[in-house]
Amino acid sequence: MAFLFASSPHDHNRKRTNEIMRTVILCCAFGIVAQCVFFGVGTLVQIAIASVTAVVAEAIAVACRRRPVWPYLRDNSALLTGVLIGIAIPPLAPWWIAVIGGIFAILIAKHVYGGLGQNLFNPAMVAYVVLLISFPVQMTTWQPPSSLMAEPVGMGDVFSVVFTGFDLEGFSANQLQLGIDGSTMATPLDTMKTALSSGFTASEALQNPIFGHLGGIGWVWINIGFFIGGLILIRLRIIQWHIPAGMLGSMFVLFSLSYLFGPDSSGSPLLHLFSGATMLGAFFIATDPVSASTTIRGRVIFGAMIGLLVFLIRSWGGYPDGVAFAVLLANMTVPLIDYYTRPRTYGH
């Protein structure tokens, strides 16, 4: 009987790593479908580019380390990283954005630390933050929802814009960002933050046509899709409920207090819960078993800390969303959290 050594994390749901990763990817489908409905198939193009890049980078890194390539590719961890990066990239961003993100996530954020189970930070979020800081224009060029676009974008236009910068009729990505009123549109959180910093009240900002119900046109359904996928992951015991509950509960309480005492300077808690990357972060990013806390109390604290950091960044930071920064900052505290929340030893 062989004694096998394996790197952490050690889960107890009796599923292989490749099965867990595949299930997580499938549960992302609800949010991906909603994203494609409201923002077009560019999301699928970005996911495909990032996924292929991540898998190729994984194969190269494993080969350079003189390890068998196929077992590492078969665990689907690189594929999941590529999918998460593709979801986070604007649908009409240039192709090289996804390529740089996939390479950086695998080679730097993952294999520099030793590969799966050794990385201190979530690779997809490291890549996203690097892209956001390095290429802010390309990473914030989200076109309006399909119903508010001045120029319709077809399948051929998407491929043309992603790989050449212009659609089949010669319109650039910036021109396709224009809404039906001829003005440049941004995401709901970005629109709210810009309006508040310009002296407008939250109620005045909500007059922008991009705001429908709760978190903005399209973004509500995207977050509901990831919420449904997250509940399935909890039901299948792929993830635990502690981190999502801690993060969403913390955000709800803090944004409720902010909205209660300053309704003109803060969006409603439902706006923040159902817009941006909230649900994707709560169920698919923060719950990464490698970079998240491993104790029960630690998971709740870890999730609550992410919620607190998202609140601080969205309220006073320079970025409208802040989920990626919050996750990475919380990742730094995981060793300390685990140290002080270790369960009492049986028989102690």
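Is Asn76 buried or exposed in terms of relative accessibility? At 16% relative accessibility, Asn76 counts as buried, where buried means under 20% relative accessible area, exposed means over 50%, and partly exposed lies in between (1.4 Å probe, protein chains only). The structure is a predicted model, in which local features need pLDDT of at least 70, side-chain atom pairs count only at pLDDT 80 or more, and totals for chains, interfaces and linings use all residues. Residues are numbered from 1 along each chain as its sequence is written, and side-chain values use heavy atoms, with hydrogens and water left out.

Asn76 lies in the loop between α4 and α5 (77–88); helices (H or I, at least four residues) and strands (E, at least two) are DSSP runs, numbered from the N terminus. Most residues other than glycine have a negative phi. Asn76, although not a glycine, has a positive phi of about 65°. A positive phi is also found at Arg66, with a value near 60°. Arg66 is placed in the loop between α3 (42–64) and α4 (69–74), and with 79% relative accessibility it counts as exposed.

In helix α1 (residues 17–27), the buried residues are Ile20, Met21, Thr23, Val24, Ile25 and Cys27. These buried residues pack against α2 (29–39), α5, α13 and α16 (278–285), contact being defined as heavy atoms within 4.5 Å. Thr187, in the loop between α10 (173–176) and α11 (188–197), is likewise buried, with a relative accessible area of 17%. When residues up to four places away in sequence are not counted, Thr187 touches Trp142, Ile210 and Trp219. Two of these contact partners, Trp142 and Trp219, form one aromatic cluster together with Phe39.

A pair of aromatic rings is described by the distance of the centres and the angle of the planes. Rings of Phe, Tyr and Trp (its six-membered ring) pair if their centres lie within 6.5 Å; planes under 30 degrees apart count as stacked, over 60 as edge-to-face and the rest as tilted. By this rule the count comes to 11 aromatic pairs. One of them joins Tyr339 and Tyr340 in an edge-to-face arrangement, with 4.9 Å from centre to centre and 85° between the planes. Tyr339 is partly exposed, at a relative accessible area of 47%, whereas Tyr340 is exposed, at 59%. Arg342 lies over the face of Tyr339, at 4.6 Å from the ring centre; a charge sits over a ring if NZ of Lys or CZ of Arg is within 6 Å of the ring centre and within 35 degrees of the ring normal.

Side chains of opposite charge can pair when their charged atoms come close. A salt bridge is defined as a side-chain nitrogen of Lys or Arg within 4 Å of a carboxyl oxygen of Asp or Glu, and a search of the whole structure finds 2 of them. Glu58 forms a salt bridge with Lys110, the closest N and O atoms being 3.2 Å apart. Glu58 lies in helix α3 and Lys110 in the loop between α6 (95–108) and α7 (123–134), so the pair ties together parts that are 52 residues apart in sequence. Both Glu58 and Lys110 are buried. A salt bridge also links the side chains of Arg314 and Asp321 (2.8 Å, N to O). Arg314 is buried, with a relative accessible area of 6%, and Asp321 counts as buried at 17% relative accessibility.

Arg314 is among the contacts of Phe255, which, leaving aside neighbours within four places in sequence, also include Ser266, Pro269, His272, Val310, Phe311 and Ser315. Phe255 lies in helix α14 and is buried, with a relative accessible area of 1%. Phe255 and Gly307 are 52 residues apart in sequence and 9.8 Å apart in space, C-alpha to C-alpha.

Helix α14 (residues 242–261) also gives the most to a nonpolar surface patch, with 5 residues. The patch, of about 720 Å², is made by Leu214, Phe252, Val253, Leu257, Leu260, Phe261 and Leu270. Patches are made of residues with over 30% relative accessible area and no salt bridge, like charges being joined within 9 Å and nonpolar side chains (Val, Leu, Ile, Met, Phe, Trp, Tyr) within 5 Å. Accessible areas come from the Shrake-Rupley method with a 1.4 Å probe, and for residues only the protein chains shown count as cover. Leu214 lies in the loop between α12 (202–205) and α13 (219–235) and is partly exposed, with a relative accessible area of 42%.
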